[in-house]
Amino acid sequence: MADAGAPPSREGEASRLIDVHAHFWHRDAGRSDWAALNDARFRAGDRMGIAVHVASVLGSYGFTSPTYFPSPRDVALGNDAMLALCDAEPERVRMYVTVNPNHTAHALAEVERCAARGAIGIKLLASRRADDPLLDPIADLAAERGLPILHHAWQHRRHDWPSQEASDGLDLARLAARHPAATIILAHIGGGGDWAHTHAAIADVPNVVVDLSGSGVDRGMLDATLGAIGPERMLWACDVTMETGLAKLRALEVIGLEPERLELVKWGNAMRIFPDGAFPEFAGSATEPAPRNPRQGPAAHTPQSVTARRRNSA
Amino acid sequence: MIDVNTLVGPYPFRYTPHPDPQILAGVLEREGTREAWVGHLPSAFWRDPSPGNTELYTMLLPFAGLFRPVPAVRPDWPRWEHALDAAVTAGAPAVRLYPQQWTLGPGDQRLAAITEACGDRGLVVMLTVRFEDLRQRGPLDVAGDLPAATVRHLARVNGRTRIIVTAAGRDMIEEVHWGLTPDEQSRLYWDISWIWGPPEDHLAKLYRSIGAGRFVFGTQWPLRLVQTPRANLELLPDDLAGMPLANPDDIARDAMDATRR
């Protein structure tokens with residue numbers, strides 16, 4: 001007798017989710033299945049209860065310039081695709097404007113162009129180390145406009161890896177320290193590398209928050225993140241593996257996170273970090289978090305030891 | 001649902017919360033999993049896994065009916081045949097081989113010999129592609145991922161040994177599957193613990209190309225979140241939802257039946 005293939009569906013159980021790290025594809029990205037990929041994200045998102053995908057397009061994803069070093073032409077091409085998707089899916093999609101800081105004037109112009117059309121954040125890849133002065137004008141503009149920066153990260157960069165000039169928690173912490181009025185979202189804590197190093201690197205840098213996405217689903221990672229930075233600095237997200245996003249959502253439920261704090265991770269923190277009006281569908285919720293300037297840092301958090309959470313660990 | 005890919009005991013390269021059988025028992029109950037095949041995690045990294053097997057059998061004794069032991073047996077260690085016999089006596093459905101940790105490369109005849117001997121005894125062979133993502137491994141963790149060539153080699157050893165490969169991704173699964181004859185394919189299974197879901201939909205693509213019946217449920221607890229493979233199944237496209245996976249009990253029974261043919 002075969003093993004049961006699917007457990008009972010829990011569809012609709014988590015109907016108030018904001019995925020702060022999503023990507024969509026387009027026809028010039030070199031994949032014939034680009035539309036199927038986008039459909040699959042919507043299909044899975046609807047099933048999981050994702051109300052809003054906050055997404056970016058990474059140039060041509062390597063088709064005409066490298067994914068992590070997109071040319072200005074491909075940056076604009078990708079942002080145009082993202083703008084078009086926002087127009088086509090105004091209820092389900094918001095956008096980050098992707099820029100390459102090596103082309104400063106173009107990057108700043110792209111931020112202005114796309115913010116004027118509704119972009120709610122800035123996406124930085126691995127085109128230049130995060131603590132490089134070239135990022136300063138972008139961070140200044142982000143702070144001025146109240147746009148959070150989602151920055152690609154490698155958790156503990158022990159050396160340079162091919163195809164990217166990756167940054168880790170220490171690099172992002174240096175950028176954040178120079179720009180205390182900007183909010184930096186450190187991308188995918190489960191996206192590769194040593195996440196424990198990241199916790200130590202950013203614990204005392206309140207304007208760095210963490211998205212929980214990535215294919216990595218190490219047991220202990222969520223507990224340790226919670227213990228190191230607290231729920232007010234954690235943002236739920238999927239990136240390119242939505243099953244790990246759903247798994248982390250389930251795990252958060254069993255590691256001892258109180259329901260009201262889980263709501264912060266699922267959507268409340270995003271409401272606080274992104275510009276006012278970015279998520280009108282969440283406005284007025286009974287559990288909407290009190291407005292607080294993220295530049296003043298999150299609510300006070302008392303680190304908890306991992307062992308304190310042992311009984312409930314996922 | 002049976003979880004074929006669980007382990008107990010600490011991991012040498014990072015802290016892993018409470019990798020204890022009593023915690024695993026609670027996790028199975030919480031997740032609605034009726035049984036687990038359980039290995040001994042430190043044994044993969046010890047020169048001699050024998051003490052780990054003894055510890056495994058002892059640790060699992062109070063959980064008869066819930067856990068089945070899967071000891072590690074090293075084919076380049078003297079008297080490994082006795083360890084296989086002990087596994088049979090202990091009611092093990094399978095044994096774990098770690099070619100990478102033991103530096104036994106593709107084509108190594110000692111691996112072939114133990115695969116043959118497992119077939120003789122009705123034991124399933126379990127292989128592990130990885131314990132951690134390559135990007136996060138510590139500098140002393142130099143074993144590397146299990147090569148597809150090793151799996152192809154062992155799948156061709158004989159006509160009866162069943163093999164379950166854990167922690168493989170789509171690329172490796174396809175490389176091995178399409179490098180085997182249909183008969184060889186029929187004795188090889190893959191756990192779903194490391195296969196990507198949407199939007200890439202690797203699991204769905206594999207269901208469509210090689211069939212859901214080639215896969216078994218596995219989590220790689222305590223290293224990975226136990227919720228992941230279940231989430232993956234829940235996010236399959238509608239036309240694939242609920243398709244049955246292979247039942248590990250059937251695989252073990254087939255392995256035993258093959259000894260009588």
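**Exercises on a predicted two-chain model**

**Exercise 1.** In which sense do strand 3 and strand 4 of chain A pair, and over how many bridges?

*Solution.* Strand 3 (residues 93-99) and strand 4 (residues 121-124) of chain A are paired in the parallel sense, over four bridges. One of the residues involved is A:V99, whose bridge partner in strand 4 of chain A is A:L124. The model in which these pairs are found is predicted.

**Exercise 2.** Determine the strand order of the sheet in chain A and identify the strands at its edges.

*Solution.* Eight strands of chain A make an open sheet with parallel pairing, in the order 1-2-3-4-5-6-7-8. Strand 1 and strand 8 (234-235) of chain A each have a single partner strand, so they stand at the edges and one side of each lacks a neighbour in the sheet. Across strand 2 and strand 3 of chain A lies helix 2 (residues 72-88), which runs at about 170° to strand 3.

**Exercise 3.** Check the span of helix 1 of chain A, then describe its surroundings.

*Solution.* Helix 1 (residues 34-48) of chain A has 15 residues, which at 1.5 Å a residue should span 21 Å; the end C-alpha atoms are 21 Å apart, in agreement. Its buried residues include A:N38, A:A40 and A:M48. The buried residues of helix 1 pack against strand 1 (17-23), strand 2 (50-56) and helix 8 (242-254) of chain A. Just after helix 1, A:G49 adopts a positive phi of about 95°.

**Exercise 4.** Describe the side of chain B that touches chain A.

*Solution.* In chain B, 42 residues are in contact with 39 residues of chain A. Helix 9 (residues 228-234) of chain B supplies the largest share of that side, six residues. By class, the side of chain B that touches chain A has 24 nonpolar, 10 polar and eight charged residues.

Note on methods: Residues are numbered from 1 along each chain as its sequence is written. Chains are lettered from A and ligands numbered from 1 in the order in which they are written. This is a predicted model: local features need pLDDT of at least 70, side-chain atom pairs count only at pLDDT 80 or more; totals for chains, interfaces and linings use all residues. Helices (H or I, at least four residues) and strands (E, at least two) are DSSP runs, numbered from the N terminus. The expected span of a helix is 1.5 Å times one less than its number of residues. A residue is buried if 20 or more other C-beta atoms lie within 10 Å of its own, exposed if 12 or fewer, and partly exposed in between; C-beta atoms are placed from the backbone. Two residues are in contact if their C-beta atoms, placed from the backbone, lie within 7 Å. Ala, Val, Leu, Ile, Met, Phe, Trp, Tyr, Cys and Pro count as nonpolar, Asp, Glu, Lys and Arg as charged, and the others, Gly among them, as polar. Two strands pair if DSSP finds at least two bridges between them. Axes are lines fitted to C-alpha atoms, for helices over the stretch in contact, and angles run from 0 to 180 degrees between N-to-C directions.
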